[in-house]
Amino acid sequence: MFPVQMTEEERITRLCPPKGRVSMVLDTDTYNEVDDQFAVCYSLLSAEKLDVQAIYAAPFFNDRSDSPADGMERSYAEILRLLDKLGCGHEDFVFKGSAGYLPAEGTPVDSPAARDLIARALAMPEDEPLYVVAIGAITNVASAILLCPEIIRRIVVVWLA
């Protein structure tokens, strides 16, 4: 059993639509498919509703990459390219994710993205969750939770695979 549990009431509260501007991070395999590029741009251009605190490069492996690590590196470079086109800075904002997928159940893959997610989640006020929008492999998010299970009380994960 997972060591940190939420009550049914806590889960239902977290599932209610948020009010006001939402603090979020975006975990994306941006180089994989064009929809992720739109998600990055849309998120950043929706500042009235979204406070994008960080973007994480997720691994992917298909005909557009040589390995999950190569997919993550290509996504990282694509995120930087998009931010340059938008005229956005990327110091302490874009983080490399895992170089592979979870090797086994319960075994995290440490990465700058996972560590940043942990730090940001723990820094959030208890009554204001950090929304984690994951639109690629869930490795970075799962690894952060495995490395620091208490963050589940500080985040709401929205995952589109």
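## Arg-154, a covered residue in a loop

Arg-154 sits in the loop between α5 (139–147) and β5 (155–159). Helices (H or I, at least four residues) and strands (E, at least two) are DSSP runs, numbered from the N terminus. Arg-154 is buried, because its relative accessible area is 19%. Buried means under 20% relative accessible area, exposed over 50%, and partly exposed in between (1.4 Å probe, protein chains only).

The model here is predicted: local features need pLDDT of at least 70, side-chain atom pairs count only at pLDDT 80 or more, and totals for chains, interfaces and linings use all residues. Residues are numbered from 1 along each chain as its sequence is written, and side-chain values use heavy atoms, with hydrogens and water left out.

What does Arg-154 touch, not counting residues up to four places away in sequence? The list is Arg-14, Ala-121, Leu-122, Met-124, Pro-125, Glu-126, Pro-129 and Leu-130. A contact means heavy atoms within 4.5 Å.

## Helix α5 and Thr-139

Helix α5 is mostly covered. Of its 9 residues, 7 are buried. They are Thr-139, Asn-140, Val-141, Ala-142, Ser-143, Ala-144 and Ile-145. These buried residues pack against β1 (22–28), β2 (50–57), α4 (112–123), β4 (130–134) and β5.

Thr-139 belongs to helix α5. Its relative accessible area is 4%, so Thr-139 counts as buried. Leaving out residues up to four places away in sequence, Thr-139 touches Pro-59, Ser-98, Gly-100, Tyr-101, Leu-102 and Val-109.

## Pro-68 in helix α3

Pro-68 lies in helix α3 (residues 68–86). Is Pro-68 buried or exposed? Pro-68 is buried, because its relative accessible area is 17%.

Pro-68 and Ala-99 are 31 residues apart in sequence. In space, their C-alpha atoms are 6.0 Å apart. Ala-99 is also among the residues that Pro-68 touches, not counting residues up to four places away in sequence.

## Cysteines

How many disulfides does the model hold? The count is 0. A disulfide is a pair of cysteine sulfur atoms within 2.5 Å.

Cys-88 counts as partly exposed, because its relative accessibility is 27%. Cys-148 is buried, because its relative accessible area is 7%.

## The whole chain

The protein chain has 5 helices and 5 strands. Along the sequence they follow the pattern α-β-α-β-α-β-α-β-α-β. The radius of gyration is 15 Å, close to the 15 Å that the globule rule gives for 161 residues, so the chain is as compact as a globular protein of that length. That radius is taken over C-alpha atoms, and the globule rule is 2.2 Å times the number of residues to the power 0.38. Along its principal axes, the C-alpha trace spans about 45 × 40 × 25 Å.

Of the 161 residues, 48% count as buried. Consider the contacts with a separation of 6 or more: residues 24 or more positions apart account for 72% of them.

## Surface and charge

The accessible surface of the chain comes to about 8600 Å². Carbon and sulfur atoms hold 57% of that surface. Such areas come from the Shrake-Rupley method with a 1.4 Å probe; for residues, only the protein chains shown count as cover.

The chain has 14 positive and 25 negative charges, and their mean positions are 3 Å apart. Lys and Arg count as positive and Asp and Glu as negative, while His and the chain ends are not counted. The place of a charge is taken as NZ of Lys, CZ of Arg, CG of Asp or CD of Glu.
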